[in-house]
Amino acid sequence: MVGIVSYGVYLPYFRLKREAIGAALGSPAGRGTRSVASYDEDATTMGVEAARAALRPTDVAPSWLLFATSAPTYLDKTNANAIHAALDLDSSAGAYDMVGSVRSGVGALRSALATHSSTLAVLSDVRTGNPGGADERDGGDGAVAILCGREGVIAEYIGGASATDEFLERWRRPGDAASHVWEERFGEDVYVPLAEQAWNDALKNTGLVASEIDHLVLTGTHPRSIRAFARSMGARPEAFVDDLSAVVGNTGTAHPGLLLATALEKAEPGQIIAVVVLADGAEVLFFKATDAIAAYRPAKSVTEQIPTTNDTLDYQKFLSWRGFLRREPPRRPDPVAPEAPPSHRHKSWKFSFTGSTCEACGKRHLPPQDVCAGCRAVRQMRPERMADVEATIVTFTIDRLAYSENPPNVAAVIDFDGGGRYRCELTDVDPSEVAIGGRVAMSFRRLFESNGIVNYHWKARPMRTGGA
Amino acid sequence: MGSHGIRDRVCIVGMGCTPFREHWAKGVDELLVDSVTDTVADAGVALDDIDAFWLGTMASGNSGITLSKPLKLDYKPVSRLENYCATGSEAFRNACYAVASGAYDLAMAVGVEKLKDNGFSGLAVGGIGGDGTQASITAPALFSMLGPAYAKKYGVDEQEFKDVITRIAWKNHRNGALNPRAQFRKEVDKDVISNSPLVAGALGIFDCSGVSDGSAAAIICRAEDAHKYTDNPLYVKALSFVAGPASQQMDQDWDYTSFEEVVRSARDAYQQAGISDPRMELAMAEVHDCFTVTELVLMEDMGFAERGMGWKEVLAGTFDRDGELPVNPDGGLKSFGHPIGASGLRMLFECWLQLRGNAGDRQIKSIDAGRKLGLTQNLGGGPGECVSFVSVVGTEPSA
């Protein structure tokens with residue numbers, strides 16, 4: 001049996017109200033919110049958070065990692081390696097990008113299901129469009145990670161089909177801020193027949209009939225075709241999984257996985273889940289929930305993550321985070337870019353947040369040290385991964401001088417459960433809610449970008465009821 | 001093994017200090033020429049009489065050439081040192097040891113910093129590269145973390161705490177207002193101080209030291225030779241320097257209300273100088289008030305106030321210019337300004353003026369009361385990760 005073993009979802013803290021777009025630009029922009037990656041997040045950092053969540057409920061260590069996004073931080077350099085490092089995966093595990101197009105998300109999932117080993121498909125996206133456009137309004141940011149394998153399967157992959165064609169419907173060149181789309185009736189003319197082809201092939205391959213589907217995920221890059229195809233699928237209306245457009249928006253590459261996660265949260269043993277994706281063709285995947293799904297609990301469900309957020313984000317701040325509004329920089333020197341050799345030497349600290357514990361006296365050190373700060377024992381340390389250890393705020397300050405894209409900066413001294421003290425920045429934080437004694441968890445972030453190098457490390461974020 | 005000090009073995013016989021300013025018209029070279037020529041004139045020697053030089057600058061030049069070139073020194077030894085904000089004190093300490101060792105007859109310690117040319121706001125010196133994991137927290141933010149910890153530990157409420165740090169700024173501005181060399185020569189109302197825009201935590205703009213350019217220097221000789229140069233030299237009683245293991249930041253027991261480095265260096269210096277009750281024995285102290293809250297904590301770390309009582313002593317005026325122990329009578333880093341490499345020598349310069357009765361209308365009264373010792377305390381780094389220097393100087397050899 002091959003299928004889904006575990007999954008994890010990450011939705012960023014910030015939501016932009018669509019009416020805030022409308023108010024700023026003087027034109028109606030609809031209701032609801034879209035999710036927004038913070039200034040210190042990107043597809044890689046959100047991918048790390050989703051992957052951490054996916055690996056938490058399982059003991060399986062993936063031997064492959066596939067990373068799909070339409071918003072890669074780097075070209076030429078494999079973005080998946082930063083996720084691989086942040087997860088502290090063994091160096092023998094492969095890590096590969098499937099980067100550039102929305103279709104790569106469902107492609108990564110299909111590839112993960114096709115491998116013989118346990119493979120973690122990380123689907124993550126930051127969706128942006130020109131100010132006032134549909135992509136900006138209807139897009140969303142988020143990540144999902146799906147661990148596929150043969151042991152401990154909660155949803156068996158029972159078959160599917162693809163339909164691929166070459167046509168110009170949506171495109172963006174590297175470096176461009178927004179995508180171009182062709183006139184939408186042309187897209188419908190191409191997409192609907194492709195969708196019908198893949199759907200019918202998949203039903204035929206699996207022997208299923210449409211009315212047997214319990215949870216139907218239908219998503220993609222072309223809303224008009226999706227609406228048209230939905231009417232002709234023959235599925236029960238109640239089977240359609242909510243597309244989260246009211247709260248999250250369409251998270252592009254990540255969206256099939258995100259909606260699949262919401263379906264898995266609801267699925268009962270024996271139920272059939274269909275994933276249908278219209279993006280440069282059509283993809284259909286069928287899953288059957290196993291008995292194991294009854295006992296499976298995700299680290300943080302989508303349902304939990306939807307309400308615990310901040311929807312007071314200014315549209316102007318959103319525009320500046322996305323590079324559409326260039327703010328006056330402070331009269332401060334640019335941060336010094338991280339150097340490659342020390343970043344590599346300290347990889348386990350920088351990426352997987354691994355400190356050290358003195359084997360002579362048990363004192364924990366962040367960052368790792370050679371000489372114990374407690375008993376002065378020399379090089380009697382063992383690595384201690386601290387990324388998943390929660391901590392308490394000892395003291396903090398609001399730093400109004402430090403440059404930030406979301407001022408003011410909040411810095412805190414935190415004590416980890418079981419030992420270890422560290423001073424770091426807080427993120428996803430409302431300065432007025434920070435208090436001594438507050439509980440925080442670590443989150444993988446971009447500290448800054450300098451000389452074209454994105455500097456990844458960890459910050460602490462307040463733990464809120466319900467997760468997120 | 002032990003720290004023995006070099007009490008009374010060397011003397012300061014001449015000092016100079018430029019005004020601390022935004023010196024738009026002067027660069028590092030001009031500031032050095034100003035302070036060095038003033039200092040040799042003060043000692044009544046020729047520049048060529050100086051046998052060796054120690055130059056302290058954090059980021060305004062590399063190597064001894066930074067000093068030898070503008071002054072055209074004739075093939076003399078010039079060491080360049082850096083030790084964070086205690087750089088100037090470190091130049092002085094090393095020059096003293098060189099003379100005490102007998103290696104040289106006359107040595108000069110010079111400190112200089114040119115901070116204003118880079119056009120940045122606040123203190124901005126080049127960072128060292130690395131793995132990029134250091135959180136970008138500014139100096140005021142690091143020091144501001146002392147505030148809530150101190151207030152909580154000693155039951156000081158938010159408004160009282162603000163009053164305490166405001167009074168420190170008010171006092172230092174008041175002292176600086178009288179000082180022609182100070183960067184800010186204006187008294188500032190407490191209301192203006194306490195209502196100034198916040199920079200970090202409870203610290204407002206008026207809680208932060210002045211960013212400025214400047215230079216200061218001292219000439220040191222063996223004590224037995226001092227009277228060749230001046231009738232009233234300053235005897236070096238104690239020099240203590242400590243670099244902490246920076247482990248407090250990893251220590252869950254550390255509570256952010258003390259600089260252990262300061263406690264250790266003060267203890268060592270008092271032992272060297274034979275001081276048992278600093279508050280009663282010192283005529284004055286210049287301490288590292290980079291931020292007002294730092295001065296508050298230093299009052300306790302230096303033993304000028306009991307633990308938990310520093311804030312009350314501040315409010316009572318104990319450390320005012322006419323108080324029991326004048327602290328920062330020249331205005332301190334707060335209003336005299338803080339050109340990093342020069343600050344440690346600037347502190348000594350105030351001892352030089354006050355202890356010898358040359359401070360004019362700024363003269364402190366504690367000298368009339370027979371007190372003969374002055375102290376300087378110079379900090380580099382931040383809470384939990386710092387270096388501390390303490391010196392004691394006096395007008396007479398110890399009995």
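**A core and its members**

Guide: Start with A:Val122. Leaving aside neighbours within four places in sequence, A:Val122 is in contact with A:Gly47, A:Ala50, A:Ala51, A:Leu65, A:Leu66, A:Phe67, A:Ile83, A:Ala143 and A:Ala145. Keep in mind that this is a predicted model.

Visitor: What makes two residues count as in contact?

Guide: Their C-beta atoms, placed from the backbone, lie within 7 Å. The residues listed for A:Val122 are in contact with it in that sense.

Visitor: Which residues touch the most other members of the largest nonpolar core?

Guide: A:Val122, A:Ala145 and B:Ile220 do, in a core of 264 residues. Helix α13 (residues 340-355) of chain B gives the most to this core, with 10 residues.

Visitor: Why is A:Leu113 called buried?

Guide: A residue is buried if 20 or more other C-beta atoms lie within 10 Å of its own. A:Leu113 has 20 of them, so A:Leu113 is buried. A:Leu113 is found in helix α4 (residues 103-114) of chain A. Beyond its neighbours within four places in sequence, A:Leu113 is in contact with A:Val2, A:Cys148 and A:Tyr157.

Visitor: How far apart are A:Leu113 and A:Val434?

Guide: In sequence, 321 residues separate them; in space they are 43 Å apart, C-alpha to C-alpha.

**Chain B as a whole**

Visitor: What makes helix α5 of chain B mostly covered?

Guide: Count its residues. Helix α5 (residues 146-153) has 8, and 6 of them are buried. These are B:Leu146, B:Gly147, B:Pro148, B:Ala149, B:Tyr150 and B:Ala151. They pack against α4 (139-144), α6 (158-177) and α10 (292-301) of chain B, together with β17 of chain A. Just after α5(B), B:Gly155 takes a positive phi of about 65°.

**The sheet in chain B**

Visitor: Why are β3 and β9 of chain B called edge strands?

Guide: The open sheet has 9 strands, in the order β3-β2-β4-β7-β1-β8-β11-β10-β9 (chain B). β3 (78-81) and β9 (282-286) of chain B each pair on one side only. The twist averages 25° from one strand to the next.

Visitor: How do you know that β9 and β10 of chain B pair?

Guide: Pairing requires at least two bridges between the strands. β9(B) and β10 (residues 373-382) of chain B have 4 bridges, so they pair, in the parallel sense. B:Met284 stands opposite B:Gly374 in β10(B).

**Where the chains touch**

Visitor: How many residues of chain A are in contact with chain B?

Guide: 36 residues of chain A are in contact with 32 residues of chain B. Elements of chain A that each supply at least two residues include β17 (391-399), β20 (439-450) and β21 (453-462). By class, this side of chain A has 18 nonpolar, 8 polar and 10 charged residues.

Conventions: Residues are numbered from 1 along each chain as its sequence is written. Chains are lettered from A and ligands numbered from 1 in the order in which they are written. This is a predicted model: local features need pLDDT of at least 70, side-chain atom pairs count only at pLDDT 80 or more; totals for chains, interfaces and linings use all residues. Ala, Val, Leu, Ile, Met, Phe, Trp, Tyr, Cys and Pro count as nonpolar, Asp, Glu, Lys and Arg as charged, and the others, Gly among them, as polar. A residue is buried if 20 or more other C-beta atoms lie within 10 Å of its own, exposed if 12 or fewer, and partly exposed in between; C-beta atoms are placed from the backbone. Axes are lines fitted to C-alpha atoms, for helices over the stretch in contact, and angles run from 0 to 180 degrees between N-to-C directions. A nonpolar core is a set of buried Ala, Val, Leu, Ile, Met, Phe, Trp, Tyr and Cys residues joined through C-beta atoms within 7 Å.
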